[in-house]
Amino acid sequence: MTKIVKGGNLPVPGQVWRIAVVRRAGGDGVPEVDASALLLDASGRVRGDGDLVFYNQPAHASGAVRLTGQARDEEQRVADWLEIDTALVEPAVQRIVITASSDEGTFGQVPGLHIRTISAGTGEQLALYEVDDASTETAFVLGEFYRRDGAWKFRAVGQGWDSGLVGLAEDFGIVGGDPEPAPDDEPVHDGGPDPIDEPVSVGASPEAIPEELLAKVREAEAEAALVRTPPQVPAQRLPRTGPRSDAELFGGDFPDFVRSGEGKADITVDVPIPAGYVVVESTRKGDGYFAVHSIGEKGESDALLANTLLKDQGARRVLRYDGKAPLRLRVSAYGESWTVAVRPVSTVEVLDGIAEGRGSDVLLYTGPAGLLSSRLRTRLGFEWFNVHGYEPDGRDHLLANEASRFPRETRPLPEGPLLVQLVSADGDWSLKVRPPKESRFWRRASR
């Protein structure tokens, strides 16, 4: 028996393997779990929906991967068994990912989760990986088989998702939807060519930005994403429409605080602010590096509230304020005039089906659960686009997280009210809310 830890890898000899996804049996507060597999090409994506082996599609068309059944023992353990025959794996397939998912609870509620690989020829246990750090995840990539120098190896992955099998599979390229009219998937724009298909020309302004300053911006944005801190905002906005009452769940009203200046400055917000979310808006004239942070208890720069090198750029972000010490903000700018405002959530515009804007912004969503399609059109040629949804109690839903030439994603949108925070260094974005799909692809029979 070879036990490995997360990130470890080892060769797996033989042609046919049997893989067991083992855990405590469902019931008494333990959710049911399903095992599945994804066959990936060299880019780390599936070639189509047929490359997912799961409860509704228990065998790959090539015969290389299949679910063979489930077994239980007297110790209340259950195992889903898969079989892989490497002689049947198509040359285009470079990795086979083994996953587990639950639509009834989280993996923090599932004791004893582990994956075992056994040689079908000899019965020898080739690899054992135990998951010991599960918490709120609803899907896990447990391990993967991958080609290396003409042979196969196994790696313990242990990466979790909070979006279930559907979200995990979509991240690997599965569409999984039943046929529907094409207009539902069209991006929102102003009647010109589709921003996703239109050639991108890199403007002179981005080319002139020194690489060291660009690196500084990217580093700050990455740090902000790790602590799930709200992001940047647009100058162009839709007319305000829809209800405002749900805004009160995020924080009470207070007088707007506005301060202008030049260069670097620390600001103390001197209006009474109740505990809850607040909106921090910032604008500046000129170009060069510009950032706004909240200031922590020890005087250090804390939450990132603006971060840009672009000329005359604005930002609107939300900040969760504890209502204790006075709110303090730090502006980092170099000889340029700026304005920073702190406003209540009641001033936020409502996301009512479709929204468009530029840069980073925050919107209030008050509708039912659905799907959120997000698109970004950028001049930089390669951009990171991130969208979060915050509930009144602070719970966070990742609604988009894409770094590519044409960022675009569709993810489940929880029922409102939500503060929808968009983060983008540059670009025109569009959001579209759609009803949830009733997809036969994902629908499963009763257990």
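1. **Ser282 and its surroundings.** Ser282 touches Phe290, Val292, Ala306, Gln313, Gly314, Ala315, Thr339 and Val340, leaving out residues up to four places away in sequence. The model is predicted, so read each contact as part of a prediction. Ser282 sits in strand S14, residues 276-284. Its relative accessible area is 2%, so Ser282 counts as buried.

2. Strand S15 (residues 290-295) and S16 are antiparallel and are joined by 5 bridges. Together S15 and S16 make a hairpin, with 5 residues between them. Gly299 lies in the turn and has a positive phi of about 85°. Strand S16 (residues 301-308) is largely enclosed by the rest of the structure, because 6 of its 8 residues are buried.

3. **The chain as a whole.** The protein chain has 3 helices and 28 strands. It holds 447 residues, and 50% of them are buried. Take the contacts between residues at least 6 apart in sequence: 75% of these join residues at least 24 apart.

4. **An open sheet.** Look next at the sheet with the strand order S1-S11-S10-S7-S3-S4. It is open, has 6 strands and pairs them antiparallel. Which strands stand at the edges? They are S1 (9-11) and S4 (52-53). Each has a single partner strand, so one side of each has no neighbour in the sheet. Further in, S7 (residues 95-101) and S10 (residues 139-148) are joined by 7 bridges. Within that pairing, Ile98 is opposite Gly143 in S10.

5. **The helix on the sheet.** Helix H1 (residues 164-171) packs on this sheet. It touches S3 (34-40), S4, S7, S10 and S11 (151-161). The direction of H1 makes about 30° with that of S10. Which residues of H1 are buried? They are Gly164, Leu165, Gly167, Leu168 and Ala169. These buried residues pack against S3, S4, S7, S10 and S11. Just after H1 comes Gly173, with a positive phi of about 105°.

6. The largest nonpolar core has 34 residues. Ile96, Ile98 and Phe145 have the most contacts inside it. At least two residues of this core come from each of S2 (16-24), S3, S6 (77-85), S7, S9 (125-130), S10 and S11. A second, separate core has 23 residues, among them Phe257, Phe290, Ala315 and Trp338.

7. **Aromatic pairs.** The count is 8 aromatic pairs. One of them is Phe107 with Phe140: edge-to-face, 5.5 Å centre to centre, with 85° between the planes. This pair links distant parts of the chain, 33 residues apart. Phe107 is in the loop between S7 and S8 (114-119), while Phe140 is in S10. Phe145 and Phe154 form a tilted pair, because their planes are at 55°; their centres are 5.0 Å apart. Phe145 and Phe154 are buried too. Ring pairs also join these two with Trp17 and Trp152 in a cluster.

8. **A charge over a ring.** Arg155 lies over the face of Tyr146. The distance to the ring centre is 4.2 Å.

9. **Backbone points to check by eye.** Most residues other than glycine have a negative phi, and most peptide bonds are trans. Asp28 is not a glycine, yet its phi is positive, about 55°. It lies in the loop between S2 and S3. Is Asp28 buried or exposed? Its relative accessible area is 82%, so Asp28 is exposed. Asp149 also has a positive phi of about 55° without being a glycine. Asp149 is in the loop between S10 and S11, and is exposed at 77% relative accessible area. A cis peptide bond joins Gly416 and Pro417, with omega about 10°. Pro417 is in the loop between S26 (408-413) and S27 (418-424).

Notes:
Residues are numbered from 1 along each chain as its sequence is written. This is a predicted model: local features need pLDDT of at least 70, side-chain atom pairs count only at pLDDT 80 or more; totals for chains, interfaces and linings use all residues. Side-chain values use heavy atoms; hydrogens and water are left out. Two strands pair if DSSP finds at least two bridges between them. Helices (H or I, at least four residues) and strands (E, at least two) are DSSP runs, numbered from the N terminus. Contact means heavy atoms within 4.5 Å. Axes are lines fitted to C-alpha atoms, for helices over the stretch in contact, and angles run from 0 to 180 degrees between N-to-C directions. Rings of Phe, Tyr and Trp (its six-membered ring) pair if their centres lie within 6.5 Å; planes under 30 degrees apart count as stacked, over 60 as edge-to-face and the rest as tilted. Buried means under 20% relative accessible area, exposed over 50%, partly exposed in between (1.4 Å probe, protein chains only). A charge sits over a ring if NZ of Lys or CZ of Arg is within 6 Å of the ring centre and within 35 degrees of the ring normal. A nonpolar core is a set of buried Ala, Val, Leu, Ile, Met, Phe, Trp, Tyr and Cys residues joined through side-chain atoms within 4.5 Å.
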